[in-house]
Amino acid sequence: MAKVIAEKVQEQVQVDSLKMVEIKHTRTMQDASGNDVEVVDFVDVKSVDEAISQCEAHKANLEAQLTECEAELAEYIAIRNAE
């Protein structure tokens with residue numbers, strides 16, 4: 001599932017207002033003619049700070065998974081190369 005991220009423009013601009021982002025979660029489907037079309041599944045609107053925090057947490061999780069995968073791969077290679 002892809003994402004389209006854009007700044008959310010607020011109608012009433014306040015001096016201390018938070019910046020917001022709009023995240024459109026999309027997927028590709030085929031129309032009746034067999035052409036690929038991009039469809040919006042749902043839209044999230046959140047503060048840019050919240051979006052950054054969530055993205056950093058997701059990145060940390062992925063980095064931990066990568067570390068585990070690299071260790072597992074090293075074990076498999078060691079078994080393959082053992083004689």
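Reader: Leaving aside its neighbours within four places in sequence, which residues is A51 in contact with?

Author: Before answering, please keep in mind that this is a predicted model. Once the neighbours within four places in sequence are set aside, A51 touches V21 and K46. A51 itself has its place in helix 1, which covers residues 48-81.

Reader: Is A51 buried or exposed, and how is that decided?

Author: The general idea is to take the relative accessible area of a residue and to call the residue buried when that value is under 20%. A51 has a relative accessible area of 18%, and therefore A51 counts as buried. In the protein chain as a whole, buried residues make up 11% of the 83 residues.

Reader: How far apart are the C-alpha atoms of A51 and E22?

Author: A51 and E22 are 29 residues apart along the chain, and their C-alpha atoms are separated by 9.7 Å. A second example is the pair K46 and E7, which stand 39 residues apart in sequence while their C-alpha atoms are 9.9 Å apart in space. For the protein chain, if you take the contacts between residues at least 6 apart in sequence, 25% of them join residues at least 24 apart.

Reader: Why does K46 count as buried, and what is its nearest side chain of opposite charge?

Author: K46 counts as buried because its relative accessibility is 14%. Although K46 is buried, it has no salt bridge, and the nearest side chain of opposite charge, that of D44, is 4.3 Å away.

Reader: Which side chains do meet in a salt bridge, then?

Author: Side chains of opposite charge can pair when their charged atoms come close. The structure holds one salt bridge, and in it the side chains of D41 and R27 meet at 2.4 Å, N to O. This pair links distant parts of the chain, since D41 is in strand 3 and R27 is in strand 2 (residues 20-30), 14 residues apart. D41 is partly exposed, with a relative accessible area of 31%, and R27 is partly exposed as well, with 41%.

Reader: Which residues make the nonpolar surface patch?

Author: V40, V43 and V45 make a nonpolar surface patch of about 220 Å². V43 lies in strand 3, which spans residues 36-47, and because its relative accessibility is 40%, V43 counts as partly exposed. The accessible surface of the protein chain comes to about 7,200 Å², and 53% of that surface belongs to carbon and sulfur atoms.

Notes
Residues numbered from 1 in each chain as written. Predicted model: local features only at pLDDT ≥ 70, side-chain atom pairs only at ≥ 80, totals over all residues. Heavy atoms only, no water. Patch = residues over 30% accessible without salt bridge, like charges linked within 9 Å, V, L, I, M, F, W, Y side chains within 5 Å. Areas by Shrake-Rupley, 256 points an atom, 1.4 Å probe, with all protein chains shown as cover. Salt bridge = Lys/Arg side-chain N within 4 Å of Asp/Glu carboxyl O. Helix = DSSP H or I, 4+ residues; strand = E, 2+ residues; numbered from the N terminus. Buried < 20%, exposed > 50% of the residue type's maximum accessible area, 1.4 Å probe, protein only. Contact = heavy atoms within 4.5 Å. Lys, Arg positive; Asp, Glu negative; His and termini not counted.
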